[in-house]
Amino acid sequence: MSQQATENVHGHYVDGEWTDGRDADSFESENPATGETLATFRRGTADDVDRALEAAEEAFAEWRDLSYPDRAEYLWEIYHELRERHEELGEIVSKECGKEISEGKADVTEAWHMVEWAAGNARHPHGDVVPSEVASKDAYMRRKPRGVVGCITPW
């Protein structure tokens with residue numbers, strides 16, 4: 001699958017498709033261990049972020065209405081993709097981070113283990129029983145998706 005918005009410049013994946021984004025500016029990603037240029041990427045703008053957030057909000061509205069097992073089906077697809085592409089993704093992680101190949105592959109293995117846990121967890125009962133001041137009454141807490149969040153991580 002081509003992930004390029006334009007020839008040799010990777011774009012943004014938003015709302016199920018690759019796009020160029022609003023800015024023609026780009027940057028190169030380098031392997032920190034060798035200095036080798038790995039790829040060129042389109043720089044994102046505030047408008048690109050807004051578009052991605054809007055698409056995520058729309059997707060969340062559908063996601064929120066799915067049952068736990070239905071959400072798990074999507075996670076199982078990710079799990080299988082991670083396993084099938086273990087070698088390829090391990091090499092990418094290794095180059096992007098300047099890690100030894102064994103560490104890059106271990107990161108991918110850890111990712112599929114986390115996805116496997118989350119997908120399997122969908123079949124377990126959720127919620128906590130909370131004591132009430134009324135003797136014949138129980139209350140409980142149930143976890144529900146909160147919505148779209150943004151984060152910047154070192155990974």
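Me: What makes about one helical turn the separation of Trp 76 and Tyr 79?
Reply: Trp 76 and Tyr 79 both belong to helix α2 (residues 68-84) and stand 3 residues apart there, so about one helical turn separates them; a helix here is a DSSP run of H or I with at least four residues, numbered from the N terminus. The model is predicted, with local features needing pLDDT of at least 70 and side-chain atom pairs pLDDT 80 or more, while totals for chains, interfaces and linings use all residues. Residues are numbered from 1 along each chain as its sequence is written, and side-chain values use heavy atoms, leaving out hydrogens and water.

Me: How many aromatic pairs does the structure hold, and why is the pair of Trp 76 and Tyr 79 given its particular name?
Reply: The structure holds 4 aromatic pairs. The ring centres of Trp 76 and Tyr 79 lie 5.3 Å apart and their planes stand at 90°, whereas the rule asks for centres within 6.5 Å and calls planes under 30 degrees apart stacked, over 60 edge-to-face and the rest tilted, so this pair is edge-to-face.

Me: How do you know where domain 1 and domain 2 lie?
Reply: An automatic or database assignment sets the bounds, giving domain 1 as 1-65 and domain 2 as 66-130. Their contact, meaning heavy atoms within 4.5 Å, takes 9 residues from domain 1 and 8 residues from domain 2, while the C-alpha centres of the two domains are 21 Å apart.

Me: What area is buried between domain 1 and domain 2?
Reply: About 750 Å² is buried, 59% of it from carbon and sulfur atoms, counting the accessible area (1.4 Å probe) lost by both parts on being put together. Of the area that domain 1 buries against domain 2, Pro 32, Leu 38 and Trp 63 supply 55%, more than any other three residues.

Conventions: Buried area = accessible area lost by both parts, 1.4 Å probe. Phe/Tyr/Trp six-rings, centres within 6.5 Å; stacked < 30°, edge-to-face > 60°. Helix = DSSP H or I, 4+ residues; strand = E, 2+ residues; numbered from the N terminus.
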